[in-house]
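Q: Could we go through this model together, with the general idea given before each case?

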Amino acid sequence: MQNIDTAQQTFSPQAIIEELLKQMGEKYVFPEVVPEVAATLRQHLATGTYADMRDGELFAQTITTHLREVTHDKHLRLFYQAEGVPQHIDEHEDYTPEEIERIRQKSKENYGLKKVEILDGNIGYLQFNKFVHPHFAGESMNAALTFLAYTRAMIIDLRTNGGGEPTMVQFLCSYFFDAFASENIQLNGLYDRRKDLLHQYWALSYIPGKRYLDRPLYLLTSQRTFSAAEEFTYNLQQLKRALVIGETTGGGAHAGLRYPIDTHFEAFIPCLRAINPTSKTNWEGVGVQPDVPVAQADALEVAYQRALAEAKETPE
């Protein structure tokens with residue numbers, strides 16, 4: 001006999017939509033958009049778009065589509081959790097035990113670090129797919145950069161990097177700026193709509209490893225490069241510290257948290273938006289534009305040839 005998830009049969013689309021709108025009204029980074037979102041979702045509700053939906057995953061995907069049709073925000077999303085939504089602590093600085101365990105599980109995947117090697121010509125290459133908080137991944141990231149510390153140029157491959165923690169962005173960016181100048185280098189800012197505060201991120205005066213200074217740095221991008229990976233790219237591009245090679249990135253400059261909607265649904269609601277100190281704007285909806293636009297499949301070879309050519313002009 002087929003096992004039917006009773007939660008999928010009993011959820012109330014109207015109750016979920018109203019709670020989602022309430023949470024967005026309190027937290028979403030652009031509150032002026034919420035009335036239009038409300039009108040759209042309630043119109044779908046009134047015309048019966050959700051009436052026959054019994055599958056929670058399908059309902060969440062449909063709501064997400066309707067949210068993005070109005071906001072064009074690729075971070076905003078409704079999730080269905082068949083096993084139940086875990087408890088979250090709103091507006092907290094510390095991780096819950098469940099979140100700590102979830103992040104620690106990523107250690108089995110080496111925190112997204114995929115490859116570190118020295119290419120012919122003493123060109124460093126680093127590929128990683130996730131910005132994990134340095135409390136967990138800092139030691140691994142420092143080890144990778146230590147291995148590449150004496151290369152003549154470095155290529156960082158972000159073509160499959162979907163983002164993560166802004167604290168790791170700050171940590172990694174700091175390796176590419178002088179310690180004595182770092183206290184005067186603002187990397188980015190995140191405006192928190194809930195608190196009406198601007199959090200500023202500056203290059204760190206202390207890092208646990210050797211800094212990578214006065215040598216070329218190349219960043220590879222694709223349409224899949226997203227969120228924190230875009231912030232890292234945008235920060236270094238705006239500060240003229242790296243050359244971006246590849247495709248325009250995904251275009252997600254908002255950060256946020258997951259908020260419970262009911263026992264089986266939760267929403268990722270962006271409550272922060274990036275404000276770069278140089279450009280006074282961000283990459284939301286438009287992506288980070290590469291300095292050298294090429295197909296993502298060709299980006300590594302283009303960067304490598306540039307690195308070799310530039311290295312020849314720089315003494316060992």
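Q: Which side chain is joined to that of Lys27 by a polar contact?
A: A polar contact is a pair of N or O atoms within 3.5 Å; within protein, one must be able to donate a hydrogen and the other to accept it, and residues adjacent in sequence count only if both atoms are side-chain atoms. Here the side chain of Gln23 is the partner of Lys27, at 2.5 Å. The model is predicted: local features need pLDDT of at least 70, side-chain atom pairs count only at pLDDT 80 or more, and totals for chains, interfaces and linings use all residues. Residues are numbered from 1 along each chain as its sequence is written, and side-chain values use heavy atoms, with hydrogens and water left out.

Q: Is Lys27 buried or exposed?
A: Buried means under 20% relative accessible area, exposed over 50%, and partly exposed in between (1.4 Å probe, protein chains only). Lys27, which lies in helix 2 (residues 13-27), counts as buried because its relative accessibility is 6%.

Q: Which residues have the most contacts inside the largest nonpolar core?
A: In soluble globular proteins, nonpolar side chains tend to be buried together. A nonpolar core is a set of buried Ala, Val, Leu, Ile, Met, Phe, Trp, Tyr and Cys residues joined through side-chain atoms within 4.5 Å. The largest one here has 37 residues, and those with the most contacts inside it are Met24, Leu41, Phe59, Ile63, Leu78 and Phe265. Helix 2, helix 3, helix 4 (56-71), strand 1 (77-80) and strand 10 (265-274) each supply at least two of its residues, with the largest share, 6 residues, coming from strand 10. A second, separate core of 36 residues includes Leu113, Ala137, Met168 and Leu187.

Methods: Helices (H or I, at least four residues) and strands (E, at least two) are DSSP runs, numbered from the N terminus.
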